[in-house]
Amino acid sequence: MKRLAPLLLLLPFLALMGLLLWAMGCALVQSLGYIPAFGLTELTLDYYQALFTDGTLTASLMLSLKVAFLSALSSTVLGTALCAALLALRRGRRGALLLVRLPILVPHTVTALFLIVLLSQSGLVARALYAGGLIDGQEDFPSLLFSSGGMGMLLAYLWKEIPFVAYFVAALMGSVRDTLGEAACNLGASPVRAFFHITLPLSLPAIGSAFLIIFAYAFGSYEVPLLLGSTLPKALPVQAYLEYTHPDLRHRPYAMAMNGFILLVSLLLALVYAWLLRRKLNAGRVVQ
Amino acid sequence: MSIRFPRVLTAAALSAALLAGCGSAAADPTPEQTLPTDFDSLVELARGTTVTFYGWGGDDARNQFLQTTVADTLKEKYDITLEVVGMDIDAILAKLSGEKGAGQTTGTIDMIWINGENFYSCKENGLLYGPFTQDLPNFNAYVDQEDTETLTDFCYPIEGYEAPYAKAQLVLIRDSAATPEAPTSTEELLEFVQKYPGKVTYPAPPDFTGSAFVRNVVYDICGWEQFQDMEADKETLRAAVAPAMEYLRELNPYLWNGGETFPASSTQLTNLFADGEVLLDISYSPYSPAVNIEKGIYPDTAQAFLWDNGTIGNTNYIAIAYNAPNKAGAMVVINELLSPELQAAQYEAQKVLPVLDEEKLSAEEQALFDAVDIGEGTLPQDALLERRLPEMPAALVPLLEEIWTEEVVGQ
């Protein structure tokens, strides 16, 4: 019985995992164009190929990659800077770290709606500028959201992920800074030099993980591009959902191929993440 | 509220129905009829029973109306208990096709709120009971039997398998305090956007309302008749709608965001309109101005208007499940929903168009409808019905949406 107990306790997890894997398997089979119920029985890679040849789909793919990369990169850089600034506070460091958690708790959907209220051409900022006589009408306010370049999405991710990075990196960076960083300072290094030569390099595994998490999230996220994206191109998940709900059921393999591609990218990111995690653990050991 | 089955539901429902169709080899198209055909016997059979009504549960006005006015009337007149079950159409159809696949002869669903593609796939796959409407006294007495919308649903023959119970129609809405003119044709709309650049837009298809608006533009420019029996071929359709796509491209530079981006949903358009960022709203619920003025979303000066050549309308129907446990009860309830009293009450409570033929109503029955105060900013019923155009065949709709995406956005 004692030997069985762990297995029994794992059962719910295994059941869930089984379900997940089964669903993923079904999706992948459908992405290869095999859905007998709709008269599709030939296995093919055509639907994946379409991702790279069909103009609309390629544009979707490129947009998603671009937005994911830019938001991950900018959030990581700015978030790390924010983290370093917070850790350098002489007083109220704990309070500041608690405050930084607030945006993390706000759902992405709420953030997107909040941006619309704030930054649309009839939003609060435009109204304030108009009241102050700085613009003559709503047309003069730049159309930041819904642009085909993905500016609206980028802003939403920045607002959400900069605090996330700061919070996520703070644990490792804080311990590095308070031990090895302090030591460097005691040995005569300037705080800036101690940061760039000691604290930052040793915190890189956490920073890299944060980058990957944000990239994977922004690449596969649906609600932010739905609310803030343009009509064309649409982000990959939004396009995938459209294909999934297309009244012509033979469009479903396209949706599944897009999901398959998102899955593939996420898997790769997960592998890199696992590798970084091991380095991070090692880095932690160095500190202790 | 008009019926708005999001496309995911349609697709899921279709697939469920298709799967079911495969499982049961397209089934028996005419389920055996053991019910009496005279209505009094049906009423006797139904007395003291419970009838379930499955349908989208997201409209408070509708839920409230069914659970109070309708439920009370049924209890009092027939001792029938109405059980309203809020469920999305995809879930309903998945449930139904699952029951069909499992060979269940007695299911759980009696009445279903349905239309369009969902009706098509259900009827094709033998998931509906019927024909039954010919046995409903109120259907025979009050509904125009020759009307297109009695005979077909999105151009697909109904053949007695569903009964109409409410109508919707596309309207445009402007704030009469903001713009003196109401553009009542595509030509006038072009002048309107040129006068107010950046202040007009429409939801991007496949949004339900945006898609209907594009169909309406196509009707206005290319006429509606040719589409009624057009085959579902994209290139045929592309050639037929070319002038309309050309027109929409001509609009683009004057639209909100220069026509590069369109609101993703009709809700977003309504928000833009409420904020004064655009000057026109579009709705498939003809009485939405009254509702929105009452809620304070629209200004009091909001006013619905139509196009001179008409706007598209569609109808909400009720069908009976092939394995409904209480078919007699369902028929009694549907008949009652078609009574002048409940149609007038529905008109008042839900702000949807009634389906009864005015010419078939007595003066007293007509007075029930005349007494309804439909609220501010709306058009009278006869004005709407006078300019009502039929929907396109369901199969053309997604093709037109694709053509719009390819030829209009950002062009």
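**Reading loops, strands and burial**

Biologist: Where is B:Pro131 found?

Modeller: B:Pro131 is found in the loop between strand 4 (128–129) and helix 6 (137–142) of chain B. Helices (H or I, at least four residues) and strands (E, at least two) are DSSP runs, numbered from the N terminus. The peptide bond from B:Gly130 to B:Pro131 is cis, and its omega is near -5 degrees. This is a predicted model, in which local features need pLDDT of at least 70 and side-chain atom pairs count only at pLDDT 80 or more, while totals for chains, interfaces and linings use all residues. Residues are numbered from 1 along each chain as its sequence is written, and chains are lettered from A and ligands numbered from 1 in the order in which they are written.

Biologist: Is B:Asn257 buried or exposed?

Modeller: A residue is buried if 20 or more other C-beta atoms lie within 10 Å of its own, exposed if 12 or fewer, and partly exposed in between, with C-beta atoms placed from the backbone. B:Asn257 is buried, because 20 other C-beta atoms lie within 10 Å. Its phi is positive, about 55 degrees, although B:Asn257 is not a glycine.

Biologist: Is B:Glu159 buried or exposed?

Modeller: B:Glu159 is exposed, because 12 other C-beta atoms lie within 10 Å. The phi of B:Glu159 is also positive, near 50 degrees.

Biologist: How many bridges join strand 1 of chain B to strand 2 of chain B?

Modeller: Two strands pair if DSSP finds at least two bridges between them. Here six bridges join strand 1 (residues 50–55) to strand 2 (residues 81–86) of chain B, and the two run parallel. Within this pair, B:Gly55 stands opposite B:Gly86.
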